[in-house]
Amino acid sequence: MAMWPASTGPATFLLQFEEPHQVVDAAVACGTQTGTRTTEEPDQDPGIHPSIACATQTMTFTREEGDQDRDALSSIVCATQTLTKTVEDPDQDPGIGSYFAIPRV
Amino acid sequence: MLLVLTSSADETANYLCTKLIGAGVRLLRLDTDTCARNVTIGYARNAPVLRTQDLTLRAEDVRAVWLRRPKPVVVDAAGDDAQRAHVVNEWGEALEGYLAHISKDRWMNYPAANVVASHKLEQITRALRFGLTVPDTLLTQSCEELESFWRKKDGRVVAKPLASGYLERPKGVSSSIYTSRVGREHLHAADLAACPTLFQEEVAKAFDVRVTVVDEAVVAVALHREEAGGEVDIRRDNMRNVHYEPIDIPIRVATGLRRLLASYGLRFAAADFGVTAAKSWVFFEVNPNGQWAWLDLVGVTNLWQDFAHAFEARP
């Protein structure tokens, strides 16, 4: 049985306006859904995160280690961290598909 | 040849491809989620080619690309997750390599242009530069700032998601966050510091307008509520009680919108406005890959013809 999220109060301001999604039964009734699908097709393109056309790189975002250190760590700290890392840093930037500075899931 | 870059379940692609084929437009639909099963890519003698069972398409022969929400490549390859991810990435890069041979001006829209144009906050800043009227806007994590803004606007303030208001739970109840009026009771009811939140002055809308731009075509449709409810967000109740009406867009607004889209390099976009009783057009946002087919399906537009013209007109 599907459950609504636990009622412990909204974690953020906007979440206090969260309400159950209304499923439509007409195909493309408002351009957001079809009768045969349960996933939303909002105006905002859900595949917008990658600048590449095929959205193939999104799964690599969490393993990004670009030249530009987004956490603003010093080179010493970064060097230290490489000793404990298990992820690969290839020549090819694995996050190159992202046009966003902040990776998204 | 028109190349349609989309996914197998995209209803808008289904609609437009059917219309275009019926109108005699030559196209190849590439569903990126299924293409690994029925398409091959090759590169030889400095030229990339895409092959299906029926045709071979050189990148240089692609006159136009319609980018309509492609999805990640899905592969049936054996192996563990890392190996499958590797194959997916190889497929993706092969496709990208092919597509990279097609010049930017042939795309509707060029993917990077969509990305640049998709930031709501920056849209507001830029729209102002091009003479559009925008709501007074506040992004904050401070209760004090919010309360001050709320008082300044006499409590006529809305909150809206910056990215998406749809919370998908594949194994649970999916939910929505609409643009919502902020009452006094909301001001301190949740943790504002936990996440930056977008607030705007509530526009006293007489009606909403969806403006769809396809190259030179600028098509405006008024969305009227036939019943109470949804005054703040027209999308409520799946727009069940909305009445559509084609309307003229003021020249000043059309010019501002054209300049805004041109600055992003967009050939297509769906923009939202609210119109007040005093006929002031207030810009809300632009969706570079927004929905439009439903307007054709309810009979208020023939936007597919504008797409057909745009694709046929490319040299």
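**Cores and domains in a predicted model**

Visitor: Which residues does B:Trp66 touch in this predicted model?
Guide: B:Trp66 touches B:Leu2, B:Val4, B:Leu5, B:Met108 and B:Phe311. Residues up to four places away in sequence are left out.

Visitor: What makes these pairs count as touching?
Guide: The cut-off is 7 Å between C-beta atoms. B:Trp66 and B:Phe311 are listed as touching, so their C-beta atoms lie within 7 Å.

Visitor: Why is the set that includes B:Trp66 called a nonpolar core?
Guide: A core joins buried residues of nonpolar kinds, such as Val, Leu, Phe and Trp. The largest one has 69 residues. Among those with the most contacts inside it are B:Val65, B:Trp66, B:Leu257 and B:Phe273.

Visitor: How do you know where the core lies?
Guide: Domain 1 and domain 2 of chain B both give residues to this core, so it lies between them.

Visitor: What does the second core include?
Guide: This separate core has 15 residues, including A:Phe17 and B:Trp150.

Visitor: How many residues of domain 1 of chain B are in contact with domain 2 of chain B?
Guide: 13 residues of domain 1 are in contact with nine of domain 2. Helix 1 of chain B gives the most to that side of domain 1, with six residues.

Visitor: Which classes make up that side of domain 1 of chain B?
Guide: It has eight nonpolar, one polar and four charged residues.

Definitions and conventions. Residues are numbered from 1 along each chain as its sequence is written. Chains are lettered from A and ligands numbered from 1 in the order in which they are written. This is a predicted model: local features need pLDDT of at least 70, side-chain atom pairs count only at pLDDT 80 or more; totals for chains, interfaces and linings use all residues. A nonpolar core is a set of buried Ala, Val, Leu, Ile, Met, Phe, Trp, Tyr and Cys residues joined through C-beta atoms within 7 Å. A residue is buried if 20 or more other C-beta atoms lie within 10 Å of its own, exposed if 12 or fewer, and partly exposed in between; C-beta atoms are placed from the backbone. Domain bounds come from an automatic or database domain assignment. Two residues are in contact if their C-beta atoms, placed from the backbone, lie within 7 Å. Helices (H or I, at least four residues) and strands (E, at least two) are DSSP runs, numbered from the N terminus. Ala, Val, Leu, Ile, Met, Phe, Trp, Tyr, Cys and Pro count as nonpolar, Asp, Glu, Lys and Arg as charged, and the others, Gly among them, as polar.
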